[in-house]
Amino acid sequence: MTPAMLTFDVFGTVVDWHASVTREGEQLAAACGLDGIDWAAFATAWRGRYGPSMAPIRDGRRPWVRLDVLHRENLVATLAEFGVEGLSDAQLDHFNRAWHRLDPWPDSVAGLTRLKSRCIVAALSNGNVELIVNMAKHGGLPWDVVLGAEPARQYKPHPDAYLRSAAIMGLDPEQCMMVAAHPSDLDAAAALGFRTAYVHRPAEMGPGRTVDMPARDDFDFSASSLEDLAAQLGC
């Protein structure tokens with residue numbers, strides 16, 4: 001049975017964060033005269049602070065803040081790690097919003113368009129609503145609705161992020177399918193009753209860091225792209 005709603009992880013599954021943030025760093029360097037920075041390594045390091053920065057919110061040690069705030073704090077720490085100094089607040093703010101300008105994978109727009117012909121397609125991301133909407137406008141991503149962390153006021157993989165997203169649309173978890181390139185995200189959703197679809201993104205972590213594909217029987221569907229998933233679902 002085709003699910004009523006497909007809920008999508010976004011960073012890495014639908015958009016290529018590593019290449020996009022690397023590009024933004026290179027543009028910043030050209031504009032500001034920064035030399036000697038490995039921006040691919042910078043993108044990896046900035047993203048590496050993402051999960052740990054959300055943990056205090058998930059376990060109640062810190063009040064809710066949107067991902068833009070965490071990204072800004074993580075950016076300042078990563079710039080210090082790489083010895084980058086002297087950027088203005090305006091430059092920091094622009095660079096921080098690189099996450100609003102991530103490019104889709106080549107198959108994402110066409111795949112989502114096919115999938116939404118039969119299902120609700122929803123962003124279920126840790127990105128805040130403004131970020132996800134700006135990213136959609138930048139890359140032409142045809143979401144029906146933006147759900148996830150900010151509407152739920154909790155970050156994945158906390159159960160509230162999934163359950164409140166389904167509830168907002170008047171759906172039971174069993175009527176939803178989580179689509180992600182990250183097995184841990186799918187496992188968390190499956191434990192709550194969501195069906196699951198794995199989408200393989202071997203280049204998510206950038207050049208020289210290929211992501212291995214998990215066993216195909218770990219999930220309800222396993223696809224090489226969103227267009228492949230659309231074909232498997234008859235879209």
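The exercises below, each with a worked solution, concern a predicted model.

Residues are numbered from 1 along each chain as its sequence is written, and side-chain values use heavy atoms, with hydrogens and water left out. In this predicted model, local features need pLDDT of at least 70 and side-chain atom pairs count only at pLDDT 80 or more, while totals for chains, interfaces and linings use all residues.

**Exercise 1. Cysteines**

Task: Find how many disulfides the structure holds, and determine how far C119 is from the nearest cysteine sulfur.

Solution: Begin with the rule, by which a disulfide is a pair of cysteine sulfur atoms within 2.5 Å. Applied to this structure, the rule gives zero disulfides. Next take C119, which is in no disulfide, the nearest cysteine sulfur being that of C235 at 5.2 Å. Finally consider accessibility, where buried means under 20% relative accessible area, exposed means over 50%, and partly exposed lies in between (1.4 Å probe, protein chains only). C119 has 5% relative accessibility and therefore counts as buried, whereas C32, with a relative accessible area of 28%, is partly exposed.

**Exercise 2. Aromatic pairs**

Task: Count the aromatic pairs, then describe the geometry of the pair W39 and F95 and of the pair Y198 and F219.

Solution: The rule pairs rings of Phe, Tyr and Trp (its six-membered ring) if their centres lie within 6.5 Å, and it calls planes under 30 degrees apart stacked, those over 60 edge-to-face and the rest tilted. The count by this rule comes to 14 aromatic pairs. For W39 and F95, the centres are 5.9 Å apart with 80 degrees between the planes, which makes the pair edge-to-face. To place these two residues, note that helices (H or I, at least four residues) and strands (E, at least two) are DSSP runs, numbered from the N terminus. W39 lies in helix α2 (residues 39-48) and F95 in helix α5 (residues 89-96), so this pair ties together parts that are 56 residues apart in sequence. Both W39 and F95 are buried.

The pair Y198 and F219 is stacked, with 5.7 Å from centre to centre and 15 degrees between the planes. Because Y198 lies in strand β5 (residues 195-199) and F219 in the loop between β5 and β6 (221-223), the pair ties together parts that are 21 residues apart in sequence. Y198 and F219 are buried as well.

**Exercise 3. An aromatic cluster and an arginine**

Task: List the residues of the aromatic cluster that contains W39, and state which rings the charged end of R47 sits over.

Solution: One aromatic cluster is formed by F11, W17, W39, F42, W46, Y50, F82, F95 and W99.

**Exercise 4. Two packed helices**

Task: Describe how α2 and α3 pack, and name the residues through which they meet.

Solution: Two packed helices are described by the angle between their axes and the distance between the axes. Axes are lines fitted to C-alpha atoms, for helices over the stretch in contact, and angles run from 0 to 180 degrees between N-to-C directions. Helix α2 and helix α3 (residues 50-58) pack at an angle of about 15 degrees, with their axes 4 Å apart. Angles under 35 degrees count as roughly parallel, over 145 as roughly antiparallel, 65 to 115 as roughly perpendicular and the rest as oblique, and α2 is accordingly roughly parallel to α3. With contact meaning heavy atoms within 4.5 Å, W46, R47 and G48 in α2 meet Y50, G51 and P52 in α3.

**Exercise 5. Two histidines**

Task: Locate H71 and H100, decide whether H71 and H100 are buried or exposed, and name residues in contact with H71 and H100.

Solution: H71 is placed in helix α4 (residues 67-81) and counts as buried at 2% relative accessibility. Leaving aside neighbours within four places in sequence, H71 is in contact with F11, W46, Y50, N96, W99 and L131. H100 is placed in the loop between α5 and α6 (108-115), and at 3% relative accessibility H100 also counts as buried. Not counting residues up to four places away in sequence, H100 touches D68, E130, L131, N134, M135 and H138.

Definitions and conventions. Lys NZ or Arg CZ within 6 Å of the ring centre and 35° of its normal.
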